[in-house]
Amino acid sequence: ALVTARWESFFWDKYVDTSIAFGLGPSFATAEPEIEILTDGSTSRFLIYWMLELALGLPEYPNIAFITRLHHRSGGFGLITDKGGSNALAIGIKYKF
């Protein structure tokens with residue numbers, strides 16, 4: 001149920017093809033994540049999720065991009081819960097089929 005928006009038009013795209021994405025939606029864990037309990041003392045299985053992604057590629061190879069993405073779960077400043085949440089940073093290669 002993640003809704004994502006992506007911006008793909010930058011003036012330097014002829015040198016480095018760039019896109020930025022932001023997504024927002026619900027996050028439901030099958031069990032309370034242990035890392036969130038260790039960090040905050042408690043958490044909730046249901047939290048708000050958002051992600052931010054930066055993709056960089058060469059214009060000569062439009063199907064391949066290097067990405068870095070931040071994943072974030074949180075209680076939404078008390079909207080869902082006062083405790084819990086986590087961050088994860090991911091890097092990788094994206095291939096468009």
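**Salt bridges and buried residues: a chat**

Modeller: The structure holds four salt bridges. Bear in mind that this is a predicted model, where local features need pLDDT of at least 70, side-chain atom pairs count only at pLDDT 80 or more, and totals for chains, interfaces and linings use all residues. Residues are numbered from 1 along each chain as its sequence is written, and side-chain values use heavy atoms, with hydrogens and water left out.

Biologist: Why is Glu53 called buried?

Modeller: Buried means under 20% relative accessible area, exposed means over 50%, and partly exposed is in between (1.4 Å probe, protein chains only). Glu53 has 1%, so buried is the word.

Biologist: And why does Arg6 count as partly exposed?

Modeller: Arg6 has 33% relative accessibility, so Arg6 falls in the in-between class.

Biologist: How do you know that Arg69 forms a salt bridge with Glu53?

Modeller: Their closest N and O atoms are 2.4 Å apart. Arg69 lies in strand β4 and Glu53 in strand β3, so this pair ties together parts that are 16 residues apart in sequence. Arg69 is partly exposed, because its relative accessible area is 23%.

Biologist: Which strands does the salt bridge between Glu53 and Lys94 tie together?

Modeller: The closest N and O atoms of Glu53 and Lys94 are 2.9 Å apart. Glu53 is in strand β3 and Lys94 in strand β5, so parts 41 residues apart in sequence are joined. Lys94 has a relative accessible area of 24%, so the label is partly exposed.

Biologist: Which residues are linked in a network of salt bridges?

Modeller: Arg6, Glu53, Arg69 and Lys94.

Biologist: Let's move to Glu36. What makes its link to Ser86 a polar contact?

Modeller: A polar contact is a pair of N or O atoms within 3.5 Å; within protein, one must be able to donate a hydrogen and the other to accept it, and residues adjacent in sequence count only if both atoms are side-chain atoms. The side chains of Glu36 and Ser86 come in at 2.9 Å. Glu36 belongs to helix α1 (residues 34-40), and it is buried because its relative accessible area is 1%.

Biologist: What does Glu36 touch?

Modeller: Leaving out residues up to four places away in sequence, its partners include Leu47, Arg73 and Ser86. Contact means heavy atoms within 4.5 Å.

Biologist: Why does Gly75 count as buried?

Modeller: Its relative accessibility is 6%, so Gly75 lands under the 20% limit. Gly75 is in the loop between β4 (64-74) and β5 (85-95). Beyond four places along the sequence, Gly75 touches Leu47, Ile80, Thr81 and Gly84.

Biologist: Last one: is Ala1 buried or exposed?

Modeller: Exposed, because its relative accessibility is 88%. Ala1 is in the segment before β1. Ala1 touches Leu24, Gly25 and Pro26, not counting residues up to four places away in sequence.

Conventions: Helices (H or I, at least four residues) and strands (E, at least two) are DSSP runs, numbered from the N terminus. A salt bridge is a side-chain nitrogen of Lys or Arg within 4 Å of a carboxyl oxygen of Asp or Glu.
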